[in-house]
Amino acid sequence: MALKALDIYKILPKKNCKECGDPTCLTFAMKLAGGKADVDLCPYLDDNAKSVLGATTRPPIRRVKIGVGERSFAVGEEFVLYRHEKTFYHPPGIIFKVSDRQTPEEITQVTVRVRDESFTRVGTMLRYNGIAIENASGSKESFARAVATVEESADLPLVLISTDPEALALALVQVGTYKPLIHAATPDNYKAMCALAKKHGCPMVIRSDTLDGLVSLAKACAAEGVQNLVIDVCAATLGAFLLQSTAIRQLAITRNVPELGYPVYLDTTRTGMQDAAMALGIVKYASVILTDPLSPEQAKAALTLRQNIYTDPQKPIQMNPGLYRIGTPQKDAPVLMTVNFSLTFFTLEGYLESTRIPCFMLIVDTEGLSVLTAVAAGKLNEFLVRDSLKKFGVENEVSHKNLIIPGYAAPLSGRIEEATGWKVLVGPRDAAEIGEYLYTEWKK
Ligand code: SF4
């Protein structure tokens with residue numbers, strides 16, 4: 001059972017020495033209770049206290065970091081079964097898979113795609129996360145050459161796939177400092193794999209096709225001192241993966257089987273139904289998803305789905321408040337005020353671009369609330385508009401003082417006029433009508 005902050009505080013040393021990075025032991029206890037700190041940060045806890053606190057305060061699914069540097073990513077650290085209960089925190093890494101049977105040119109081409117390709121959706125840059133290299137040839141040397149080929153083109157998070165510890169050892173000589181994820185420890189090789197994981201500080205995949213097998217392996221690896229684990233359930237079908245990954249999440253979240261409290265790995269290339277497997281993995285609990293290189297269309301679908309599932313339902317996607325330009329507006333261009341809810345912004349922006357009338361969009365900070373909600377909640381008010389006009393220097397950009405506000409903000413028009421000294425024009429409620437409005441009302 002999870003401990004409350006005060007129960008945790010009673011176990012802490014109460015030195016208030018700040019060495020854990022928190023100002024007091026109580027603050028640290030509160031973070032532990034929320035699963036937002038690691039017991040290892042306090043150097044004064046004895047083994048008994050660590051094991052009591054660790055079992056109840058660490059996230060039910062461990063956080064595992066893959067790679068180092070700017071492109072590294074974390075997975076796991078999840079607390080709920082359903083996104084609507086709270087949120088999901090760490091989106092799965094989407095990893096393009098290559099094999100050491102491919103030519104260096106083919107491997108480099110895929111690596112460069114992962115390094116460079118991205119697309120932007122609702123103001124967020126979406127990218128793939130890394131490269132997996134499989135030792136399909138069975139040759140240690142070929143594997144090492146393929147790994148070197150990837151490493152020469154980019155510093156990306158890597159997954160090294162081989163059941164031969166010697167092949168992995170040779171590859172890790174080159175890329176061990178980049179902390180790749182190594183795949184996979186099995187009952188036959190786990191001791192040698194744990195030794196490699198410990199030597200290079202790498203996260204490691206454990207592989208079994210049964211939950212009991214995974215539990216045994218996780219225990220055995222923990223006994224070897226390796227707990228930075230990812231679970232490969234080896235499912236042969238999508239149905240089997242769904243059953244296994246859901247069971248793992250349920251058992252981990254309830255902490256009934258803490259040995260399964262690790263992120264899950266899915267290799268979609270084993271399924272023969274990669275698109276479906278990708279979608280299933282994103283929705284149902286895969287944290288590291290391997291795929292053959294995706295076409296641009298497949299990539300957009302996968303990255304968009306991932307963005308949607310991993311958007312916090314409690315926090316609307318927001319734009320930065322500010323003064324945005326549509327085209328090249330001159331001093332007589334219209335100024336349209338609206339809120340910083342991303343959907344509102346991008347909808348209005350799209351319609352404004354299609355009018356081909358250069359203009360300014362004044363985006364005010366309603367903490368991501370839509371116009372109607374922000375008006376009802378009092379977040380959108382005359383003072384916010386006045387301060388935003390001033391803060392973003394709108395008067396310096398135009399030679400008039402006319403402000404178009406959204407139709408749903410009409411009840412505020414008089415108060416905005418009084419507070420700002422600007423003449424307020426009430427625009428349409430529906431952004432789709434903004435073009436007609438500008439041509440009939442602004443240009444008349
Ligand atoms: S390091 Fe330990 S003793 Fe020091 S403030 Fe943090 S929790 Fe308290």
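This short talk goes through a barrel, a ligand shell, a helix pair and an open sheet.

The model is predicted, so to be counted a local feature needs pLDDT of at least 70 and a side-chain atom pair pLDDT 80 or more, while totals for chains, interfaces and linings use all residues. Residue numbers start from 1 along each chain as its sequence is written.

I begin with the barrel. Eight strands close it in the order β3-β6-β7-β8-β9-β10-β11-β12, with parallel pairing. Two strands pair here if DSSP finds at least two bridges between them. Strands (E, at least two residues) and helices (H or I, at least four) are DSSP runs numbered from the N terminus. From one strand to the next the twist averages 30 degrees. Angles run from 0 to 180 degrees between N-to-C directions, and axes are lines fitted to C-alpha atoms, for helices over the stretch in contact.

Strand β6, residues 130–134, and strand β7, residues 158–161, are joined in the parallel sense by four bridges. Glutamate 134 is opposite isoleucine 161 in β7. On the sheet packs helix α5, residues 140–153, which touches β3 (93–99), β6 and β7. Contact between two residues requires their C-beta atoms, placed from the backbone, to lie within 7 Å. The direction of α5 makes about 165 degrees with that of β6.

Now the ligand. Which of the 13 residues around the ligand come nearest? They are Lys15, Cys17, Cys20, Cys25 and Cys42. A residue is near if its C-beta atom, placed from the backbone, lies within 6 Å of the molecule or strand. The shell divides into eight nonpolar, one polar and four charged residues. Nonpolar covers Ala, Val, Leu, Ile, Met, Phe, Trp, Tyr, Cys and Pro; charged covers Asp, Glu, Lys and Arg; the others, Gly among them, are polar.

Next, a helix pair. Helix α10 (274–283) packs on helix α11 (296–309) at an angle of about 15 degrees, with axes 9 Å apart. The two are therefore roughly parallel, a term for angles under 35 degrees, with over 145 roughly antiparallel, 65 to 115 roughly perpendicular and the rest oblique. The contact residues include Met278 and Ile282 of α10 and Ala302 and Leu305 of α11. Those of the whole contact divide into seven nonpolar, one polar and two charged.

Last, the open sheet. Its five strands have the order β13-β15-β14-β16-β17, with mixed pairing. At the edges are β13 (322–326) and β17 (423–426), each pairing on one side only. Strands β14 (335–339) and β16 (402–405) run parallel, joined by two bridges.
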